[in-house]
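Hi everyone, thanks for coming. Let me put the structure up on the screen, and then we can walk through a few places together.

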Amino acid sequence: MRIVFAGTPEFAVSSLRAAARHHEVVAVYTQPDRPAGRGRGLAASPVKLEAVARGISVYQPESLKDEAAQQQLRALQPDLMVVVAYGLILPKAVLAIPTHGCWNVHASLLPRWRGAAPIQRAIQAGDATSGVCLMQMEAGLDTGPVLLQQSLPIAGSDTGGQLHDKLAELGAQVLSDGLGLLRAGLKPIAQPQPAEGVTYAHKLDKAEARLDWRGEAEVLARTVRAFNPWPVAEAQLGGERVRIHGAVALADNGGAAPGTVIAASRDGIDVACGQGALRLRVLQREGGKAITAADYLNARRDLQTGA
């Protein structure tokens, strides 16, 4: 089987490894190298680095909409195209090129959380369960029928990064199962997505990371988890802007106004919210690194309450 793999970030690397296990990946498509780091030098995507290490040809078109890029793909004569967080739109003409069309590994239980940030939105919304779908791609945004799926519980302590890693491995397993069936001539049966329960996981925006102490502590705690490791929640604390890497919700705010520090000890810094309080456990000062609340209080003795 001739497989073309299209993906860009770290999430897609496990799936690339699964697809390449039988030496069937004839080419990898990934986004062009982008400026990164303080020096803003061009950096290859994680998928490109994996492909190069495996000796697989890499293609990095700016778009797949022009005829030249599509002709290049046709020349590869793919039986299947596997797409995992590629980041470029696949036109109808591209979807029709591979013999078996294009499969997508998507990190949610469709139709819930179609779109760009399903992992973070699931945590932010308080979902108890997430999972991975192997989907037959069509022109709509994550609207295609589902071939296979697997679910897993979202732990109450899961950060966006931790759930990302779990789902990346689960995605590789679901893809491997699907490819195994296809090799055996038992292509998975495509099940249309239900019309009910559609939600959209809009792309993360740094502006969303600013916590409003007037909100519910439980919602803010979920946001802190969801936005770790990026874009990382931030808030005003005692007149200073800090980034918050770890926090838990408390039921009682003692009737204090939102934003008030109601307790501060080695266990954490408790800040009153509109409902409940948020205990900050891991913080980061401007220009510093992430530190425990105890270490932060050593530099902010004005906040200590002895609680």
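Let's begin with P231, which sits in the loop between α7 (217-226) and β12 (233-237). Those element names come from DSSP runs numbered from the N terminus, where helices are H or I runs of at least four residues and strands are E runs of at least two.

Before going further, a word on what we are looking at: this is a predicted model, in which local features need pLDDT of at least 70, side-chain atom pairs count only at pLDDT 80 or more, and totals for chains, interfaces and linings use all residues. Residues are numbered from 1 along each chain as its sequence is written, and side-chain values use heavy atoms, with hydrogens and water left out.

Back to our proline. A cis peptide bond joins W230 and P231, with omega about 5 degrees. There is another cis bond from L110 to P111, with omega near 15 degrees, and P111 lies in the loop between β7 (102-106) and β8 (114-115). Most peptide bonds are trans, and most residues other than glycine have a negative phi.

H23, in the loop between α1 and β2 (25-29), has a positive phi near 60 degrees. Q77, in the loop between α3 (67-75) and β6 (80-84), also has a positive phi, near 50 degrees.

Are these two buried or exposed? H23 is exposed at 76% relative accessible area, and Q77 is exposed at 58%. Here, buried means under 20% relative accessible area, exposed over 50%, and partly exposed in between, using a 1.4 Å probe and protein chains only.

Now please find D158, in the loop between β10 (146-153) and α6 (160-183). D158 counts as buried, at 3% relative accessibility. The side chain of D158 reaches the backbone nitrogen of A155 at 2.9 Å; a polar contact is a pair of N or O atoms within 3.5 Å, and within protein one must be able to donate a hydrogen and the other to accept it, while residues adjacent in sequence count only if both atoms are side-chain atoms. Leaving aside neighbours within four places in sequence, D158 is in contact (heavy atoms within 4.5 Å) with I123, P153, L163, K166 and R225.

So that was our tour; which residue would you like to zoom in on together?
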